[in-house]
Amino acid sequence: MSSHTMQNRQHSAHPPKQRSRFGRLMRELWFQVVLGAVLGIAVGFLLPEVGKQLTPLSDWFIALVKMIVIPVVFCVVSLGIASMDSLRKAGRIGVKALGYFLALSLLSMLIGLVVANVFRPGDGMNIDPSQLDSSKVPANSPSSSAKQAAASPNRTPWTTSLAIASPTT
């Protein structure tokens, strides 16, 4: 090939299209999450009946997130430990992680105690525990959640079967 042919190929190639600022923003995951949250809130306020019909979709999404979090965390931690080149380094990181866990657990418990003592939730409700009927409290068993899913007026047979198949804890 001659140098003249190479020059023509370089000049004939079209420059890549520049995406608009909105187009670039739509490709960002954080923006998609924020947009989804805003749209969900808007549907809940403006079209509450549509929001009620979309309840199975949100239930499945939350169940799938719960189902995937533990394996992802396990894989990330396992890969991090496996990629360490020395056992001493892994031990130091493990001790630091345990220290952070204990410190932040203590901090969260202290925050909970302070908030409970300052705001005193349930204070002034004047409820006599002997008058309460425990049979009206729903059980947290898979069969009860399946019964609740089947009894829900917003569920069709296929949404009921998918709700039963979704993890509940």
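Asp 123 is exposed, with a relative accessibility of 56%. It pairs up with Arg 120 in a salt bridge, where the closest N and O atoms are 3.4 Å apart. Keep in mind that this is a predicted model, so treat what follows as a tour of a prediction, because local features here need pLDDT of at least 70.

**Salt bridges**

- The count of salt bridges comes to two.
- Side chains of opposite charge can pair when their charged atoms come close.
- Besides the Arg 120 and Asp 123 pair, there's a salt bridge between Glu 49 and Lys 52, at 3.8 Å from N to O.
- Where do Glu 49 and Lys 52 sit relative to each other in helix H4? They're three residues apart in H4 (residues 48-53), which means about one helical turn separates them.
- An α-helix has 3.6 residues a turn, so residues three or four places apart point the same way.
- Glu 49 is exposed, at 53% relative accessible area, while Lys 52 counts as partly exposed, at 44%.

**The loop between H6 and H7**

- Arg 120 turns up again here: its place is in the loop between helix H6 (87-119) and helix H7 (142-151).
- Arg 120 isn't a glycine, yet its phi is positive, at about 45°.
- Is Arg 120 buried, exposed or partly exposed? With 46% relative accessibility, Arg 120 counts as partly exposed.
- Asn 126 is also a residue other than glycine with a positive phi, near 50°.
- Asn 126 lies in the loop between H6 and H7, and counts as exposed at 76% relative accessibility.

**Helix H5**

- H5 runs over residues 55-82, so to speak a stretch of 28 residues.
- From first C-alpha to last, H5 reaches 41 Å, close to the 40 Å expected at 1.5 Å a residue.
- Where does H5 bend? The bend is at Ile 68 and comes to about 25°, with a proline, Pro 71, following within four residues.
- The buried residues of H5 are Pro 56, Trp 60 and Ala 63.

**A nonpolar patch on the surface**

- A nonpolar patch on the surface has about 1000 Å² of accessible area in total, and its members include Phe 61, Ile 62, Val 65, Ile 68 and Val 69.
- Also among the patch members are Ile 70, Val 72, Val 73, Val 76, Val 77 and Ile 81.
- Val 65, one of the patch residues, is in helix H5 and counts as partly exposed, at 34% relative accessibility.
- Ile 68 belongs to this patch, and it's also where H5 bends.

**Aromatic pairs**

- The count of aromatic pairs comes to two.
- Phe 22 and Phe 31 make an edge-to-face pair, with 6.4 Å from centre to centre and 90° between the planes.
- Trp 30 and Phe 31 are edge-to-face too, at 5.9 Å centre to centre and 85° between the planes.
- Which residues do the ring pairs link into a cluster? They're Phe 22, Trp 30 and Phe 31.
- Phe 31 counts as buried, at 16% relative accessibility.
- Phe 22 counts as exposed, at 55%, and Trp 30 is exposed as well, at 52%.

Note on methods:
Residues numbered from 1 in each chain as written. Predicted model: local features only at pLDDT ≥ 70, side-chain atom pairs only at ≥ 80, totals over all residues. Heavy atoms only, no water. Helix = DSSP H or I, 4+ residues; strand = E, 2+ residues; numbered from the N terminus. Expected span 1.5 Å × (residues − 1). Bend = angle between axes of the 7 residues up to and from the residue. Buried < 20%, exposed > 50% of the residue type's maximum accessible area, 1.4 Å probe, protein only. Salt bridge = Lys/Arg side-chain N within 4 Å of Asp/Glu carboxyl O. Patch = residues over 30% accessible without salt bridge, like charges linked within 9 Å, V, L, I, M, F, W, Y side chains within 5 Å. Areas by Shrake-Rupley, 256 points an atom, 1.4 Å probe, with all protein chains shown as cover. Phe/Tyr/Trp six-rings, centres within 6.5 Å; stacked < 30°, edge-to-face > 60°.
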